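Colleague: Please take a close look at one part of this model for me: the site around the ligand. I would like the setting, the contacts and the make-up of the surroundings in one go.

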Amino acid sequence: SLFPPSPGEPVLEPDPEILQKLFGFVQDGLWLGQLLHHPVEARFNLTRLLQKHLAILALSGAGKSYLVSVLIEELLERRLKPAVIVIDPHGEYVSFSQDPNYAGKTRVWRIEDIKLKLNPILKKAEMLFDLTPSQARVLEKLVQKELTPSELLQLIEEWEGRQETKDALLGMAERLIRLGIFGLRDQPEIREIAREGQLSVIDLSGTIDWFKKQLVVEHFASKLFSARREGLIPPFLLVIEEAHQFVPEGTKRKEALAKGILQTIAREGRKFSASLCLVSQRPKRLDTTILSQCNTNIILRITNPYDIKHIAESAEGITSDVQEQIAGLPVGHALVIGEAVNQPVFIKVRKRKSRESEKGRTLEESLREWEERKRQKVEDAKAFM
Ligand SMILES: Nc1ncnc2c1ncn2[C@@H]1O[C@H](COP(=O)(O)OP(=O)(O)OP(=O)(O)O)[C@@H](O)[C@H]1O
Ligand SMILES: [Mg+2]
């Protein structure tokens, strides 16, 4: 009989080719790492990994952003390249533009460089700024052309009508001015953002205002999806870091501005080769519907049982045995489940080639650098005296 083996029976290493077939790895796939315990490169079929969306989930510090960087490297090096757009709340991916090997393929837009047209927002003002229906009607009448927030403010000031209505609209206009993101034209244009083989980093680290970040994400996600549907831009991958902030479970629509369009892309993007990669350290707070649309999950270390349970609810193959293993994964080790593989597989994420962000530094590294700078200053001072 084949099983169980008898003592003394020879132990054979499985043939790498058989392992590749077993898990569904392919020669020309995206090289994200190595099969754990075997000398087999984990190369994932592009379509299977991304077309039906990818979720990367793990505790803070487990290696999500590192893995995303490896994925980006792979995408930028292919012959047929999608456009890659990263929503980067912490400005971590800016490091690609500082690496000589990637700078030519990377463009960064800081939130300070981004301008959005005001009028589309005014159409949603009733919901966003809690206007009454009659206040919204007044606003609609006042707005007859593209406006800046200050022009809008002036219009409202000149309007002769009920003081209460006027005050509400003035309050809204002042809020819009303070956001400091509106202009007469959208900037940059979507064609600049979505280019074949280009990494576009939308660096949102310049603001702490989540409403503003959501405005930007809603804007770009909508533009990307409609331009893609019209065939104006190449197939793209939109990476959303801190996805639970943009696609939270529950919460009101005005507190999750971008959720609707991201759900739409999750539902319909496949048909148009518009893919999402959601990255989150708080899976439990991530919308369940969108999570279940992510047909591949890459899970690094997670210890919170509620988070694991939440993922297990939307993905198949996470047995209690696997749940235990997830809690014990070291940094950079990951479980891949779903569409991209024939069966769940543990991998070790490969070393990245691109320069690592200084923002990914550990506290110890930062302390060392601080110490070094201090020493340098003392030496400089001594040299001076
Ligand atoms: N595969 C890996 N090989 C080597 N080092 C890694 C690997 N993955 C992560 N690291 C290191 O671990 C640290 C944390 O990684 P990373 O920034 O990717 O975590 P994260 O999951 O994105 O955390 P957060 O949720 O806080 O954003 C980094 O300093 C990184 O260098
Ligand atoms: Mg990260």
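Modeller: Ligand 1 sits in the largest pocket. Keep in mind that this is a predicted model. Around ligand 1 there are 15 residues. Those that come nearest are Ser 60, Gly 61, Lys 64, Ser 65 and Glu 356.

Now the polar contacts. Start with Ser 60. One of its polar side-chain atoms lies 2.5 Å from an oxygen atom of ligand 1. Lys 64 also uses its side chain: a polar atom there lies 2.7 Å from a ligand oxygen. Gly 63 contributes through its backbone. There, an N or O atom is 3.0 Å from an oxygen atom of ligand 1. How much of ligand 1 does the protein bury? Taken alone, ligand 1 exposes 630 Å². The protein buries 78% of that.

Next, the shell itself. Its largest share comes from helix H3, which spans residues 64–77 and supplies 3 residues. What classes of residue make up the shell? It has 7 polar residues, 5 nonpolar ones and 3 charged ones.

Finally, the protein around this site. It has 385 residues, and 48% of them count as buried. Its secondary structure comprises 16 helices and 13 strands. Helix H3, with its 3 shell residues, is one of those helices. Along the principal axes, the C-alpha atoms fill a box of roughly 95 × 70 × 40 Å.

Then turn to the backbone of Gly 63.

Definitions and conventions
Residues numbered from 1 in each chain as written. Chains lettered and ligands numbered in written order. Predicted model: local features only at pLDDT ≥ 70, side-chain atom pairs only at ≥ 80, totals over all residues. Heavy atoms only, no water. Near = heavy atom within 4 Å. Polar contact = N/O pair within 3.5 Å; in protein donor to acceptor, adjacent residues only side chain to side chain. Areas by Shrake-Rupley, 256 points an atom, 1.4 Å probe, with all protein chains shown as cover. 1 Å grid on protein atoms, 1.4 Å probe; cavity = no way out; pocket = protein on both sides within 12 Å on 5 of 7 lines; lining within 4 Å. Sits in = over half its atoms within 2 Å of the grid points. Helix = DSSP H or I, 4+ residues; strand = E, 2+ residues; numbered from the N terminus. Nonpolar A, V, L, I, M, F, W, Y, C, P; charged D, E, K, R; others polar. Buried < 20%, exposed > 50% of the residue type's maximum accessible area, 1.4 Å probe, protein only.
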